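Let's take a friendly walk through this structure, starting with a single residue and then stepping back to the whole chain. Keep the view open as you read.

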Amino acid sequence: MTTAPRPTAAIRLKLGDWIEWEDERHQVIGFLDTGVRLRSQGGSFQVIVTAELLADPTFSTADAADAPDVPTRDNELTLSPGALLDGLPDAEIERVTEMEAHLLEATTGYRSLAAQAEGAAAPRPEYDPDLPLRQRMAAKAKELGMTDRRLWDVLGAWRAEGLWALVDKRKHKPSNPLAGVDARIIEAILDQHTAEIDDSTGSLDRFHRRVQNRLDAKHGEKSVQLPSRATFHRYTQLLLKGRHTFGASTTRRTTAQQPDRLFGHLVAHRPGEVVLMDSTPLDIRAWDPAADTTHRVELTVALDLATRSLLSWRITPESTNALDVGLLLIDAMTPEPMRPGWADRLRYDMARIPLPRKLDYHQRLAAGAARPVVFPETLIIDHGKQFDSDVVHRACTRLGINLQLGRKGKPTDKPHVEAVFGTINEQFSKHVAGYKGNNVVQRGKNVEEAARWSIPDLEDFFAEYVVSVYQRRHHDGLVMPGFPDLRLSPNEAYALSVARSGYVACPTDPALYYELLPIQWRTIQPYGIEYQYLTYDADILYRYRKSTSPYPGGKWPIRVDPRNVLHAYFQDPADGTWHVLRWTHAGDDQVPFTDVTLREAIRLVTVRGSNPDNQDEVAATLRELQNRTDAPESWTTTDRRRRARDAERARTVARDQHRAAQTAQETSHLAAIPPLKAVPDPDEDGDNKPVSRRFDLGDLTTLPVWSPGNDTQEG
């Protein structure tokens, strides 16, 4: 007899594995502290010490392919007897309990264990425990009208299975509605549902045809035939219940994206530990007063997980760009300014948050609104191009924020921010003129006519809603560690967290806004810097003309805000100050424009056969795009969208620059970089050099905007 070679590598056994031992195959069916429970191919059971098994020369592992075929039963159900008893009719339960009382009396002399324990009346003489069990069983069989053998069988079954053994299986047998169904049909139905998750919703007849085609392709034509339409419909209802195969496609895709295992819980214990960021179309039509039309808007928010606080938000036309997302981080670390007309109870110092030490870092907190100021430690975003962008990655690297990406197509990775969007829709969107519903079924007849608020108005309304309603409202799902019974608002949770965990000072670098802007590498020519056929210049460039760049490659980094390419920004390497570069061919009445509008102007110049290098042509085309001579009623949809986008983004650029300048002014004793200035300081030695003045963006007034139909300009 030959023995199998001894294994030389580590061996891992798990339940269900087959092994060779003592010239017979065994299956591992359990583990003890120091032993293994085995079942032989012949059906015998035994337990052997693990060390003895591994040391036995006849032991070896068996390949899965060589494992014996164990007969299995298709579609067999294993049900809990206790659960089945709960579903029985009252009459059957009464009969079963009565039979159990008879068996107890025959075996113990008492009809219940409680009566035996309490020492109730003595048992009936024929069931005296001192009598032989056979005599008592014979008396009970005579009493019940049963044969002795039948009563002994019932007793054995009762001892083995409990009450379920006494149930009449002929009337109350558990049924499997899929018993007898070909397993190949079940597999084909499930596979076809998976294949149609992203398809448009179809009918049962189409599904029936596709399942049959799938069976023919896999098993051969007419090898497996589907049952009748009614039977097939019953099978699909049982197998695909709750999957919305023939319902709304959006619900079907959402259901398919749910995790296939236990939902995890993302927990944060202090403010800023985890911040979630996402965007959604706002169910409101915004009104454009210049064109007297409406357009869609999108809401982007940053949510603090620990306190459920809305840290920052932006409402943008059409869609949010990457720069808006990056600047949301700055907004979260900047106090929310109080608006005119807001009640004093909405001020920051009314939120019962510890203030004295924080005022050293943020002077504006005393005049700010009651919205937490948080430094994000971990930021969770999705794979949208506006989130997973260079701007966001650069901002997180600059601030030391840990950036994590959610899985694609898995909104369940950020369930908290998804729930906030639903709360905003219920508490804010539905109460604003211009609400359009989240689908065409819920949309009113004249939504555009009811819209009357512009994006700046919506931003003011939303800010007031956040400060006065959302942050002060008790959240049922907001539970603080150590205080499970407290019903808290986000502001109360923030105050409690700050008192327990302390406050992390937020960066106050005013140059952060400019560092987030996209970098364009350019050379400094005698006439300035070129970008997209535009030339930018400022007095600061004179000292660096024909000089060698200290950066690799010999070029200079120029920052351009794509929301307003009327200006560019240059950082002086000598002292780190930022300077504004203006387009040389821009007139005093030039309205800010985006990079999209600039590309359209260059395209029109090229189509007309002109040279885009001729900046006079580009300037004239930009004015043509911005100042149509026709009446606004004749504008195309593209013209309206372009004008609304440029106007709104120019407004947000001015706001961001103003906040950066204000931060520089109020934190000058902490900031490492001096306040923003446009040109060098005036010469203090009295030379005949050009005298320039300090330029503070906080003192800028709004640029003049041309209004169609008026001969004058509005500020």
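Where is Thr307 found? This is a predicted model, and in it Thr307 belongs to the loop that lies between strand 7 (293-304) and strand 8 (309-317).

Is Thr307 buried or exposed? Thr307 counts as buried, because its relative accessibility is 0%, below the 20% cut-off. Its side chain makes a polar contact of 2.8 Å with the side chain of Ser309. If you set aside the neighbours within four places in sequence, Thr307 is in contact with Pro271, Leu478, Pro490, Ala493, Tyr494 and Ser497.

Five strands form an open sheet in the order 4-3-2-1-5, with antiparallel pairing. Strand 4 and strand 5 are the edge strands, each pairing on one side only. Strands of a sheet pair through backbone hydrogen bonds. Strand 1 pairs with strand 5 in the antiparallel sense, over two bridges, and Ile19 stands opposite Thr61 in strand 5.

| Strand | Residues |
|---|---|
| Strand 1 | 18-21 |
| Strand 4 | 45-49 |
| Strand 5 | 60-61 |

Finally, the chain as a whole. Its secondary structure comes to 20 helices and 18 strands. The chain has 715 residues, of which 43% count as buried. Among contacts between residues at least 6 apart in sequence, 61% join residues at least 24 apart. The chain exposes about 38,400 Å², and carbon and sulfur atoms supply 50% of that area.

Key. Residues numbered from 1 in each chain as written. Predicted model: local features only at pLDDT ≥ 70, side-chain atom pairs only at ≥ 80, totals over all residues. Heavy atoms only, no water. Helix = DSSP H or I, 4+ residues; strand = E, 2+ residues; numbered from the N terminus. Buried < 20%, exposed > 50% of the residue type's maximum accessible area, 1.4 Å probe, protein only. Polar contact = N/O pair within 3.5 Å; in protein donor to acceptor, adjacent residues only side chain to side chain. Contact = heavy atoms within 4.5 Å. Areas by Shrake-Rupley, 256 points an atom, 1.4 Å probe, with all protein chains shown as cover. Pairing = 2+ DSSP bridges.
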